[in-house]
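Okay, thanks everyone, I'll keep this short. Let me put the model up, and then we'll go through it together.

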Amino acid sequence: GRFILAQVPLLGNVLGPAVFLFRSVPFGGLLAFWFMINQSKNRELPRIVRFNLQQAVLVDIALFFPSLIGALLSVGSPDLVSALNEPASDAMFVSLLSVIAYICAGNLATGKINGFPKVPVIGDNAERSIGGPFD
């Protein structure tokens, strides 16, 4: 998202400190990932929190694959990498922001899992992994 954050100063000013803080912690991404996995299994937390934590884990895993493909392509042609780097990075960033906005809007609208549309495929898998509907 560095290209979009550079082009939209307001968005960069809002998200910049959070990104800086997240990247300043060594292994911050791995620690956050581990925390979300463990807390999504914590039955003492409300179901909606566990569901959204698991959904965040699955979105993170889903966004890993385009990054892996980009890393594999970078071994090849430098011209191809330079041509695709910015649009691919922007597409992943906009996709992530769209998913976050969709999940937040659904939570604010209803506050319950079955009351709003889940992220396709990811939401169904998240619901299956946190347990039954009567937790």
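Predicted model: local features only at pLDDT ≥ 70, side-chain atom pairs only at ≥ 80, totals over all residues.

What you're looking at is a protein with 6 helices and 0 strands. Walk along the sequence and the pattern reads α-α-α-α-α-α.

On to burial and surface. There are 135 residues, and 21% of them count as buried. The accessible surface is about 9000 Å², and carbon and sulfur atoms hold 72% of that. For charges, we have 9 positive and 8 negative side chains, with the centres of the two sets 10 Å apart.

And the contacts? Take those with a separation of 6 or more: 63% of them join residues 24 or more positions apart.

Okay, zooming in on S40. Where does S40 sit? It's in helix 3, which covers residues 28–40. Is S40 buried or exposed? Its relative accessibility is 1%, and the cut-off for buried is under 20%, so S40 counts as buried.

Now, who does S40 touch? Leaving out anything up to four places away in sequence, the list is R50, L53, Q54 and I130. Q54 comes up again on the polar side: the S40 side chain makes a polar contact with the Q54 side chain, at 2.8 Å.

To recap on S40: a buried residue in helix 3, with a side-chain polar contact to Q54. That's what I had, over to you.

Conventions: Residues numbered from 1 in each chain as written. Heavy atoms only, no water. Helix = DSSP H or I, 4+ residues; strand = E, 2+ residues; numbered from the N terminus. Buried < 20%, exposed > 50% of the residue type's maximum accessible area, 1.4 Å probe, protein only. Polar contact = N/O pair within 3.5 Å; in protein donor to acceptor, adjacent residues only side chain to side chain. Contact = heavy atoms within 4.5 Å. Areas by Shrake-Rupley, 256 points an atom, 1.4 Å probe, with all protein chains shown as cover. Lys, Arg positive; Asp, Glu negative; His and termini not counted. Charge placed at Lys NZ, Arg CZ, Asp CG, Glu CD.
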